[in-house]
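Have the structure open while you read.

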Amino acid sequence: MNAIMENLLTRRSCRSFLAKPIPEDQLQDILKAACYAPSGRGLQTWQFTAVTDRSKIQRLASVIKETLGRDGYNMYDPQVIILPSNETDSPYGKEDNACALENIFLAAHSYGIGSVWINQLQGICEEPIIRAILTEFGIPENHTVYGLAALGYPAMELPKDVSKKGLVKIVT
Ligand SMILES: Cc1cc2nc3c(=O)[nH]c(=O)nc-3n(C[C@H](O)[C@H](O)[C@H](O)COP(=O)(O)O)c2cc1C
């Protein structure tokens, strides 16, 4: 098996992170991987916003907690979040950003950095207290965040041998 396949098969979602910073050059590579994802008609109407200040990350977690009424919600207290956003009226925004998120997860994993998709912003971006923080982060008003990546070095043992039994059919 080649190294790319190995990386792809061993990525697992991580939901507990060490208080250890992600090196800047690796974060830049992860963001580059996001930019190189496919996008519908190659439009690339997206933006990738990385937040490295944990107090800002926790302010966002706190308004999500308030909006959704989820006690104790802290987005797993990651070191970094990357928020892919896309033009709300883009016909491909959600799909483009999902492709970019997978590139982010795989690039992070290649550096031993854990990651997980955080879905809670989906549907609440236009709540005023959420939009205010997105604006503060520099996310354009006409952009929606569908999912974001929480990143950090794993503070948990991630399962190595998982069985993913997808439905595969080859028609010859
Ligand atoms: C669209 C989507 C939304 C997800 N939302 C969350 C989430 O909000 N919180 C979370 O902990 N994991 C979330 N996940 C991660 C999945 O739970 C995870 O990928 C799945 O259980 C398979 O595990 P694995 O990533 O370790 O292979 C999401 C994944 C996807 C694709």
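**Ligand site and cysteines**

A polar side-chain atom of Gln 120 sits 3.3 Å from an oxygen atom of the ligand. Taken by itself, the ligand exposes 620 Å², and the protein buries 59% of that. Keep in mind that this is a predicted model.

**The shell around the ligand**

- Which residues surround the ligand? They are Arg 11, Arg 12, Ser 13, Arg 15, Tyr 76, Val 116, Trp 117, Ile 118, Asn 119, Gln 120 and Lys 164.
- Sorted by class, that shell has 4 nonpolar, 3 polar and 4 charged residues.

**Cysteines**

- How many disulfides does a search of the whole structure find? The count comes out at 0.
- Cys 125 is in no disulfide, and the nearest cysteine sulfur, that of Cys 99, is 19 Å away. A disulfide would need the two sulfur atoms within 2.5 Å.
- Cys 125 is buried, because its relative accessible area is 4% and the cut-off for buried is under 20%.
- Cys 14 counts as buried too, with a relative accessible area of 0%.

Methods:
Residues are numbered from 1 along each chain as its sequence is written. This is a predicted model: local features need pLDDT of at least 70, side-chain atom pairs count only at pLDDT 80 or more; totals for chains, interfaces and linings use all residues. Side-chain values use heavy atoms; hydrogens and water are left out. A residue is near a molecule or strand if one of its heavy atoms lies within 4 Å of it. A polar contact is a pair of N or O atoms within 3.5 Å; within protein, one must be able to donate a hydrogen and the other to accept it, and residues adjacent in sequence count only if both atoms are side-chain atoms. Accessible areas come from the Shrake-Rupley method with a 1.4 Å probe; for residues, only the protein chains shown count as cover. Ala, Val, Leu, Ile, Met, Phe, Trp, Tyr, Cys and Pro count as nonpolar, Asp, Glu, Lys and Arg as charged, and the others, Gly among them, as polar. Buried means under 20% relative accessible area, exposed over 50%, partly exposed in between (1.4 Å probe, protein chains only).
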